[in-house]
Amino acid sequence: MREKVDVLVSNVLVVTMNNERRIIDHGYIAIRGDRIVDVGAGDGTDKYIGEETINSRGMIAIPGLMCAHTHFYGLLLTGSPWFSKIEPPTDFQQNLQRIWWALDVELTYEDAYASALMGSILFAKSGVTNFFDNISSPNAINGVLDYIEKGVSEVGIRGIISYEATQRRSIEEGIKGLKENERFIMKNNSDPSKLVKGAVYLHASFTVTDELFRMAREIADKHRALIAIHTAEGLVDVYHNIERYGVRPVERMKKLGFLRDDVHLVHSVNVTEDELYIIKETGAHVAHNPLSNMLNAVGVARVPEMLRLGINVGIGNDGYVFDQFENMRATYLIHKLWNRDPRILTPLQVFEMSTINVAKMFHVEKELGSIEKGRKADIVLLRPETPSTPVNSQTVLGHIINAFSSKDVDTVIVNGRIILRNHRLTRVDEEKTVEYVHRVVERLWDRLMERGKYQLDYVCPRQK
């Protein structure tokens with residue numbers, strides 16, 4: 001007698017990403033509620049009858065992709081006329097002063113909501129089912145994470161959201177940002193029904209005091225929450241720490257007792273070999289953002305060395321390009337070029353950096369990141385229209401990294417629920433939602449063009 005399940009994905013090539021990295025050429029996935037109850041070879045119809053059966057012949061099932069670091073609000077500046085008004089930045093610090101910090105001060109609660117809607121739509125359509133986002137909106141702090149949660153929840157993906165606490169303008173503003181993170185953590189993190197969780201975020205070590213580091217550590221310890229911080233993205237971070245504290249960013253964080261296995265060091269571009277060993281020793285993770293690093297011209301992170309040392313690395317987008325396939329492809333290629341060694345990374349290593357590695361970063365590796373019995377049912381079905389060569393268990397990883405894109409994402413299942421079917425979102429009206437977001441963005445652009453100005457208060461004051 002066949003067992004009843006809610007969803008049976010049948011006749012599919014399954015990239016499990018389990019411990020053996022098993023790939024099943026012709027397999028099935030049975031889902032009941034929010035869990036995968038079975039994965040195996042064959043079509044599964046001899047064992048299961050699905051309330052819904054997805055005949056996936058010619059399709060590939062992969063674990064839901066995960067983005068290690070993003071800024072939804074980064075989407076709000078795509079193509080903005082603000083870029084034609086400002087003097088072109090010549091380095092990373094000017095990027096912050098003329099672009100991102102100029103945007104930050106204009107952001108409203110509605111902007112935060114709209115950006116979360118758009119970002120979640122783009123993530124869902126590119127197979128990303130989980131992410132870590134943070135926002136900086138100094139004139140809309142208290143309660144802003146609720147607006148982001150609303151946008152994410154409407155689309156139906158899961159994620160981790162946070163407020164970027166910074167003291168570049170005042171000591172008090174950083175404390176206010178941490179309090180918003182703690183409020184949201186207390187509201188959501190202990191509720192198993194919530195797909196959106198909270199975390200602690202510090203902007204960067206050149207904009208926060210030692211005391212804010214200690215406060216962030218205390219909050220994370222108290223609530224067992226994750227912490228993330230931009231680290232050595234640009235040289236301003238390095239020079240500030242050496243000038244004021246006599247140590248480099250990672251060295252300073254170690255001295256403060258900040259670094260543990262719940263910390264995400266975002267970027268880690270301008271780090272030394274000694275700092276890499278500190279990261280390894282403390283168990284901290286690295287969020288690699290190759291396309292953003294190219295855009296900001298800050299350099300290339302030492303990812304191959306990190307992997308050789310056993311540092312856990314995940315791929316993010318830093319709010320720039322929301323197609324995770326493009327970010328994987330950039331990771332695969334930039335390190336070959338930078339090291340002049342075509343052997344430097346394999347497709348499997350890169351795919352791990354968008355699945356199981358990020359699950360480990362998020363401390364959910366026992367629940368997510370692979371397609372296995374008992375895991376949460378976060379699954380993406382790819383339907384490549386015209387693959388140039390055969391797709392099978394021997395070639396599929398090469399196709400994923402070298403050829404596939406968000407256009408190949410056909411179906412997305414999150415927590416057992418289908419949120420994208422035949423390329424179409426099931427929970428929101430995409431056309432109406434995009435029209436709404438565009439209206440919000442136009443108002444934001446009007447404000448920027450009318451009153452936007454460079455933000456030069458970039459170094460946090462000394463704490464008395």
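Trainee: How many aromatic pairs does the structure hold?

Mentor: The model is predicted: local features need pLDDT of at least 70, side-chain atom pairs count only at pLDDT 80 or more, and totals for chains, interfaces and linings use all residues. Residues are numbered from 1 along each chain as its sequence is written, and side-chain values use heavy atoms, with hydrogens and water left out. Rings of Phe, Tyr and Trp (its six-membered ring) pair if their centres lie within 6.5 Å; planes under 30 degrees apart count as stacked, over 60 as edge-to-face and the rest as tilted. The number of aromatic pairs in the structure is twelve.

Trainee: Which class of aromatic pair do Y109 and Y147 form?

Mentor: The centres of Y109 and Y147 are 5.0 Å apart. With 35° between the planes, the class is tilted.

Trainee: How many residues apart in sequence are the parts that Y109 and Y147 tie together?

Mentor: Helices (H or I, at least four residues) and strands (E, at least two) are DSSP runs, numbered from the N terminus. Y109 lies in helix α3 (residues 109–125) and Y147 in helix α4 (residues 144–155). The pair therefore ties together parts whose separation in residues is 38.

Trainee: What is the relative accessibility of Y147?

Mentor: Buried means under 20% relative accessible area, exposed over 50%, and partly exposed in between (1.4 Å probe, protein chains only). Y109 is partly exposed, with a relative accessible area of 27%. Y147 also counts as partly exposed, at 37%.

Trainee: Which residues do ring pairs link into a cluster?

Mentor: Here the partners are phenylalanines. Ring pairs join into one cluster the residues F72, F123, F131 and F322.

Trainee: How far from the ring centre of Y332 does K336 lie?

Mentor: A charge sits over a ring if NZ of Lys or CZ of Arg is within 6 Å of the ring centre and within 35 degrees of the ring normal. R252 has its charged end over the ring of Y245, 3.7 Å from the centre. K336 lies over the face of Y332, and the distance to the ring centre is 4.2 Å.

Trainee: Which burial class does K376 fall into?

Mentor: D34 has 26% relative accessibility and counts as partly exposed. At 14%, K376 counts as buried.

Trainee: How many residues apart are D221 and R260?

Mentor: D221 and R260 meet in a salt bridge of 2.9 Å, N to O. D221 is in helix α6 (residues 210–223) and R260 in the loop between α8 (249–255) and β12 (263–267), and their separation in residues is 39.

Trainee: Which residues do salt bridges with shared partners join into one network?

Mentor: Salt bridges can be connected here through shared partners. The residues joined into one such network are D146, E149, E180, R183, K187 and K194.

Trainee: What is the orientation of α3 and α16 to each other?

Mentor: Axes are lines fitted to C-alpha atoms, for helices over the stretch in contact, and angles run from 0 to 180 degrees between N-to-C directions. The axes of α3 and helix α16 (residues 430–451) come within 9 Å and cross at roughly 135°. Angles under 35 degrees count as roughly parallel, over 145 as roughly antiparallel, 65 to 115 as roughly perpendicular and the rest as oblique. The orientation of α3 and α16 is therefore oblique.

Trainee: What is the relative accessibility of M17?

Mentor: M17 has a positive phi of about 60° although it is not a glycine. M17 lies in the loop between β1 (3–15) and β2. M17 counts as buried, at a relative accessibility of 3%.

Definitions and conventions. A salt bridge is a side-chain nitrogen of Lys or Arg within 4 Å of a carboxyl oxygen of Asp or Glu.
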